[in-house]
Amino acid sequence: MSQNDDVRFITSSLKLPLFSPLLQHHTPKNPFFTNLHSINQNSSPQNPILQTLSKSSLPKFHQNFNPQNAILQFLTKPRNINLFNWNLRKTPLLCSASMALTQSQAQNNSDDLPGSTQLSGPGPKTGSGNEERVLISEVLVRNKDGEELELKDLESEALNALKACRPNSALTVREVQEDVHRIIDSGYFCSCMPVAVDTRDGIRLVFQVEPNQEFHGLVCEGANVLPARFVEDSFRDGCGKIVNIKRIDEIISSINGWYMERGLFGAVSSVEMLSGGMIRLGVSEAEVNNIAIRFLDKTGEPTVGKTRPETILRQLTTKKGQVYSMLQGKRDVDTVLAMGIMEDVSIIPQPAGDTGKVDLIMNVVERKSGGGISAGGGISSGITNGPLAGLIGSCAIYHKNLFGRNQKLNLSLERGQIDSLFRINYTDPWIEGDDKRTSRSIMIQNSRTPGTLVHNQPDGSLTIGRVTAGIEYSRPFKPKWNGTAGIIFQRAGARDDKGNPIIRDYYSSPLTASGNTHDDMLLAKLETVYTGSGDPGSSVFVFNMEQGLPVWSEWLGFNRVNARARKGVVFGPIRLLGSFSGGHVVGNFPPHEAFAIGGTNSVRGYEEGAVGSGRSYVVGCGEISFPLMGPLEGAVFADYGTDLGSAPSVPGDPAGPRRKPGSGYGCGVGIRVDSPLGPLRLEYAFNDQRTGRFHFGVGLRN
């Protein structure tokens, strides 16, 4: 959040009712922007009599603000705590519990108020029934000089605030005291003193009040992140009017609420009425003074960590000098946990001495070991001749925190009856010295995958072997946007069920673009990914482009683009999900790299790749899901896919002899079950050829 250092804004009566707009750097550029040090801060002298039977709020009032205590309270009760208990209406009144009339000629020589008396008494009594009552014939509101108020609206406000003090009523000192409270609580007056005057018609009770000043300008200091426009708009309605303390209280609550809604450590710490109708608003904001990393073991005792502190600190968006935000701190905790090397992370704010700033201590508990061995299993979507043939077992040796820099090394092996994969992958999630959060990944891989998606064989299996090596760089370039660029070398060829290389399939269609037993290609890769919040209703967009670079004469040169998008819309318990994917290839490319249409993540109701194998393709899906019971969801869906008539342009036209229709649709129903691996999908769909098929998948559709 941007900072506004030493925000000060002042308005002049010549500019009312509009505020003078704040400039970008909040620098005064007209004579009405007053230097703080030149403002007269002396409040009007107080009458000692008012200290015994009066109540004062303005001209000066402060809150006892301790940033350290406020921070601790804020952390203890972040939702219910009120950082500042500013109550201007709790000043005790030292009033007598009984009333007597005494002459005070020396104090009042006014012709309008002859023989004025002051309400006094020996001291309070506990029983209200023993208090003496005095019959009052008339009740008036005057200024402190005994004259009528210039603003009749103020007189009406004071009279309307009275409850007990009415003409021809017998009053006690306690009742008069309570009405003094009510006049002050109206918010328009800074003092009120009741005076009893003996007249021929009886005792006249006069409330001598001192109205607050008219509001003509505002000075705000200490607000570095609070928007100046927010404060301007809060005070705008009071320009040229008598200051109302209740309204000021509401404004302070609004400002404090602005900070609390954003999880910021800040609030109004003082308000002061200056001469000339100026209000000075003091704001205290707890800036981050220092950030430290503390490693703990599982028992909470300090220990020595394996991760370098700077590796953790650079993940944080909270920086020194910023006003501390709990929401931002929570995001930082989530970011550190996402590194995958910590079991527990917490941030503890502590006061930085008496500076009004805050020190942040991040407590981290590292995982027991940065490395280990894992094993698992899965199902290949490319296997169509029975579920057991598609089973895959896997194991991996990994280290997630090489050299204490969160660098990751992974050696994995997957093996099935047909599929196999051996992969070495090294990833540096954040290259040291880079300020753009660029990551680097180096990969070497040897894989064997089914070739039946494009070249399904009636006389046996066919696999595609690939040896791949490459390096990729990724970085976020906008919120929710990420980009990847890389260079990859690949050697690919087809093999029969005995592992021998072959160059033609059962229908004599070529299996390589070069005519050799393998194709060599150097691919330049660019990819852009947009991800929403990650929930099923969020948006996803992926655009991928690969360019074959014919560095050598036998290396393939082609361009392949592929895009997919997903969007969900929630209507109460019902969720609508739409997805789209499409792609195109230009140039000389291996036929087994054609776009295969049909299957669990394409057009359901068809086997994998049974709709078509094209140089181009488009697939669309619409789905409605709804809750059933517990973690179960039901779904109704419809899919459509087409190769756009591009199948004959694939080298060897593998779709032609296999009589793939080139387009098709399917519709059906399914059940979803939430699991740690993502949604488990069990679906049954009919295609346009009136045949049905079960599908099982993990996670959302690609």
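**Entry 1: helix H7**

I looked up helix H7 in this predicted model; the helix runs over residues 326-338 and has 13 residues. From its first C-alpha to its last I noted a reach of 18 Å, close to the 18 Å expected at 1.5 Å a residue.

I next asked which residues of H7 are buried. They are Gln328, Gly329, Asp332, Val333 and Val336. These residues lie on the same side of H7, because they cover an arc of only 145° around the axis. On the other side of H7, I recorded Lys330 and Ala338 as exposed.

I then asked what covers the buried residues of H7.

**Entry 2: the ends of H7**

At the start of H7, I examined Ser325: one of its side-chain oxygens comes to within 3.4 Å of the backbone nitrogen of Leu327. Just after H7, I found Gly340 with a positive phi of about 85°.

**Entry 3: helix H4**

I turned to helix H4, residues 228-236, and asked which of its residues are buried. I listed Ala228, Val231, Glu232, Ser234 and Phe235. Their arc around the axis is only 165°, so they sit on the same side of H4.

Finally, I checked what covers these buried residues of H4. Among the elements that do so are strand E8 (217-221), helix H5 (245-261) and strand E10 (278-285).

Terms used. Residues are numbered from 1 along each chain as its sequence is written. This is a predicted model: local features need pLDDT of at least 70, side-chain atom pairs count only at pLDDT 80 or more; totals for chains, interfaces and linings use all residues. Side-chain values use heavy atoms; hydrogens and water are left out. Helices (H or I, at least four residues) and strands (E, at least two) are DSSP runs, numbered from the N terminus. The expected span of a helix is 1.5 Å times one less than its number of residues. Buried means under 20% relative accessible area, exposed over 50%, partly exposed in between (1.4 Å probe, protein chains only). The arc is that of the directions from the helix axis to the C-beta atoms. Contact means heavy atoms within 4.5 Å. A polar contact is a pair of N or O atoms within 3.5 Å; within protein, one must be able to donate a hydrogen and the other to accept it, and residues adjacent in sequence count only if both atoms are side-chain atoms.
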